[in-house]
Amino acid sequence: MGLKSFKRALWVYHLNTGSCNGCDIEILAALTPRYDLERFGIVLVGSPRHADVLLVTGPVTNQMAPRLKRIYDQVPEPKMVLVIGNCGVEGLVFHESYNLSGPVDQIIPVDVYVPGCPTRPEAIIEGVLKAWLKLEKPVKEKVT
Amino acid sequence: MLADTLLNVIVLIAGPVIIAFLGAIFGLLYLGVDRKLVAHMQGRIGPPIVQPFRDVDKLMVKESIIPDSAIAWLFKATPILCLVGSISLLLYIPLFGQNAMLTGFGDAIVVMYLLTIPSLALVVAGFSSSSPYATVGAQREMVMMMSYEFPLAMSIVVIAWRIGLVTNLNPFMLSTMAAYPIWGLVGPLGIVGLLILVFSMLIVTPGELGKIPFDVAEAETELAGGLLVEYSGRNLALFYISNAIKSFAVVSLVVAIFFPYNLSPILGITATVPAVILDVLFFLLKVFVIMFICVIVVRAAVARFKIDQASKFYLLIMSAVSLVGFVFILLDVII
Ligand code: SF4
C-alpha cells in the first residue's frame with residue numbers, strides 16, 4: 001500500500017539555486033490548467049518538511065551550496081531529487097564560472113535529470129514519471 | 001444487570017471509534033470532492049476524489065522528523081490532542097440525521113468550547129516547533145480564534161434564546177434545536193433575521209476551518225505552511241485527518257442548528273431501514289450543499305485576506321451583521 005500511494009501523491013518543493021527563473025516559470029506552468037499536474041496528485045508545498053520531491057533549478061552558486069545541502073537534509077525519507085534545466089544538470093552558460101559550486105549532483109544525490117533550457121512542462125511531467133519508475137524498481141526487484 | 005453494564009461499556013467504547021472512523025472517511029471524502037470541484041472551476045481536471053486518502057497513506061510511510069530545537073513531547077502530543085479534540089466534537093453533534101452519540105450530555109456551548117481545542121492544539125504545535133514561521137502562524141491562528149468567536153456565539157445564542165421562548169426544554173441542546181426547527185417559529189421579520197444569521201454562520205465556517213480566504217495561519221506563500229511548517233510524516237497526517245474531521249463536524253453543526261430537518265417524516269416513511277438510509281443520504285446532501293457554498297465556491301473565487309483584514313472583517317463587519325440579525329429576530333418577537 002505505502003509505496004503505491006507514495007507515487008500517486010507526490011508533494012514537491014521547489015528550490016531555486018541561482019537559475020535565471022526560466023525553469024521556475026516552467027514549473028509553475030506545469031501546475032496551470034493547461035498541464036495540471038495536480039491530476040496526478042502532485043502538489044507544490046511551501047515547506048521542505050512536507051515534501052517528497054525536491055525540484056532543483058539553477059547551477060548552484062557558492063552561496064546556495066550549503067543551503068541546498070541543508071534543505072535536502074530537511075526533507076523526510078523517502079525522498080527524490082529532480083534537477084530541472086540544463087543549468088542544474090551541467091552548468092550550461094555558467095559552466096566553470098568562478099562563483100559556482102558545480103552542478104547539483106556535486107552537492108546532493110540526484111535521481112532524475114530533466115534537461116532543457118528552459119525545460120518544457122511536458123518534460124517535467126515525464127521527469128516525474130521517471131521518478132515513479134525509479135521508485136518502483138527496487139520494489140519489483142525485492143519481489144523477484 | 002451485569003450484562004447490561006457490559007453492553008453499555010462496549011457501546012461507549014465502540015461508538016466513538018466507529019464515529020471517528022466515519023468522520024474521518026467522510027471528512028476526507030468531502031476534502032477530495034472539494035479539491036476536484038475547485039479544479040473544475042479553475043478549468044483543470046483535478047485529482048481523483050480519493051486523493052486525500054492517498055495523501056494520508058503516503059504521509060504514514062514518511063519519516064516523522066522532530067526538529068532539534070523543538071520541545072519534543074509537546075511536538076509529538078499536539079497532533080494527538082488535535083485529533084482527539086476533533087473526534088470529541090463529533091460525539092456531541094447530531095450526524096447522519098440521527099441523534100448525537102452523547103445526546104443529553106452536552107449542549108451547543110460545550111460544542112463551542114470544543115471547537116477551540118483543535119485550534120488551540122495547532123497554536124501549541126506552532127509554538128513548540130520553535131520555527132519563526134510556525135510562531136508567526138500560531139500568533140495569527142490565535143488572532144483568528146478571537147475574531148470569529150463573537151459572530152459564531154451570537155448566531156447560536158440568538159437561536160437558542162428564540163427557541164427557549166416556546167419550550168421548557170433546555171434550548172441550548174442540539175436535540176431541542178432539532179425538535180423545534182427555528183424556521184417554523186418566526187414571522188417574516190424573523191425569517192430575514194435568520195437569513196442574516198445563516199449568512200454570518202456560513203462566513204464564520206471557512207474562518208473556523210482555516211480555508212481560503214481566511215487561511216492566514218497556514219499561508220503557504222508567505223509563511224511556507226505556517227503552523228505546520230516543521231511537521232512531517234505521521235504527525236502531519238494526524239493534523240491532516242483532524243482537519244478533515246473538523247470540517248465535517250463544523251458543517252454538521254451548521255446543519256444541526258439551522259437545517260435539522262429529516263426527509264423520512266416528511267415523506268411519511270416509517271420503516272426503520274429505508275428511513276435511516278434516506279436520512280443519511282439527505283444529511284450528506286445537506287453537508288455537501290453547505291460545504292459547496294461556504295468552502296468550495298469561496299475557495300475558488302477569492303484570494304487570501306491579510307491577517308488584519310481578516311480579523312477586522314470578523315470583529316467589525318460580521319459582528320455587526322450578526323447583531324442586525326439579532327435585532328430583526330427581537331423585533332419579530334416584540335411586534
Ligand atoms: S536551464 Fe536555461 S532556463 Fe533553466 S535556469 Fe538555466 S538558463 Fe534559465
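**Group meeting talk: two chains, one ligand**

Of the 144 residues of chain A, 51% count as buried. Buried means under 20% relative accessible area, exposed means over 50%, and partly exposed is in between, with a 1.4 Å probe and protein chains only.

A word on the source. This is a predicted model, where local features need pLDDT of at least 70 and side-chain atom pairs count only at pLDDT 80 or more, while totals for chains, interfaces and linings use all residues. Residues are numbered from 1 along each chain as its sequence is written, chains are lettered from A and ligands numbered from 1 in the order in which they are written, and side-chain values use heavy atoms, with hydrogens and water left out.

Chain A, then. Its secondary structure comes to five helices and five strands. Along the sequence the pattern reads α-β-α-β-β-α-β-α-β-α. Helices (H or I, at least four residues) and strands (E, at least two) are DSSP runs, numbered from the N terminus.

Next, the ligand. Which residues are around the ligand? Chain A supplies A:Ser19, A:Cys20, A:Gly22, A:Cys23, A:Gly85, A:Asn86, A:Cys87, A:Leu92, A:Gly116, A:Cys117 and A:Pro118. To be near the ligand, a residue needs a heavy atom within 4 Å of it. By type, the shell has six nonpolar residues, five polar and no charged. Here Ala, Val, Leu, Ile, Met, Phe, Trp, Tyr, Cys and Pro count as nonpolar, Asp, Glu, Lys and Arg as charged, and the others, Gly among them, as polar.

Look at two members of that shell. A:Cys23 counts as buried because its relative accessibility is 9%. A:Pro118 sits in the loop between β5 (112–114) and α5 of chain A. The peptide bond joining A:Cys117 and A:Pro118 is cis, with omega about -10°. Most residues other than glycine have a negative phi, and most peptide bonds are trans.

A:Glu96 is not a glycine, yet has a positive phi of about 60°. A:Glu96 lies in the loop between α4 and β5 of chain A, and is exposed, at 71% relative accessible area. B:Ser130, also not a glycine, has a positive phi of about 50°. B:Ser130 is in the loop between α4 and α5 of chain B, and is partly exposed at 34%.

On to cysteines. How many disulfides does a search of the whole structure find? Zero, over all chains. A disulfide is a pair of cysteine sulfur atoms within 2.5 Å. Take B:Cys82: the closest cysteine sulfur is in B:Cys294, 19 Å away, so the two are too far apart for a bond. B:Cys82 is buried, at 3% relative accessibility.

Now charges. Side chains of opposite charge can pair when their charged atoms come close. The whole structure has 11 salt bridges over all chains. Each is a side-chain nitrogen of Lys or Arg within 4 Å of a carboxyl oxygen of Asp or Glu.

One of them joins B:Lys58 and A:Asp52, at 2.7 Å from N to O. This pair crosses between chains, from helix α2 (residues 51–61) of chain B to the loop between β2 (43–44) and β3 (53–57) of chain A.

Next, a pair inside chain A. A:Lys69 and A:Asp73 form a salt bridge, with the closest N and O atoms 3.4 Å apart. They are four residues apart in helix α3 (residues 64–74) of chain A, so about one helical turn separates them. A:Lys69 is partly exposed at 36%, and A:Asp73 is partly exposed at 45%.

There is also a network. Salt bridges link A:Asp36, A:Glu38, B:Arg35, B:Arg44 and B:Asp55.

Last stop, chain B. B:Pro118 is in helix α4 (residues 108–128) of chain B, and is buried at 2% relative accessibility. The C-alpha atoms of B:Pro118 and B:Ile87 are 9.7 Å apart, and the two residues are 31 apart along the chain. B:Leu165 lies in the loop between α5 (132–164) and α6 (174–179) of chain B. B:Leu165 is partly exposed, at 47% relative accessibility.
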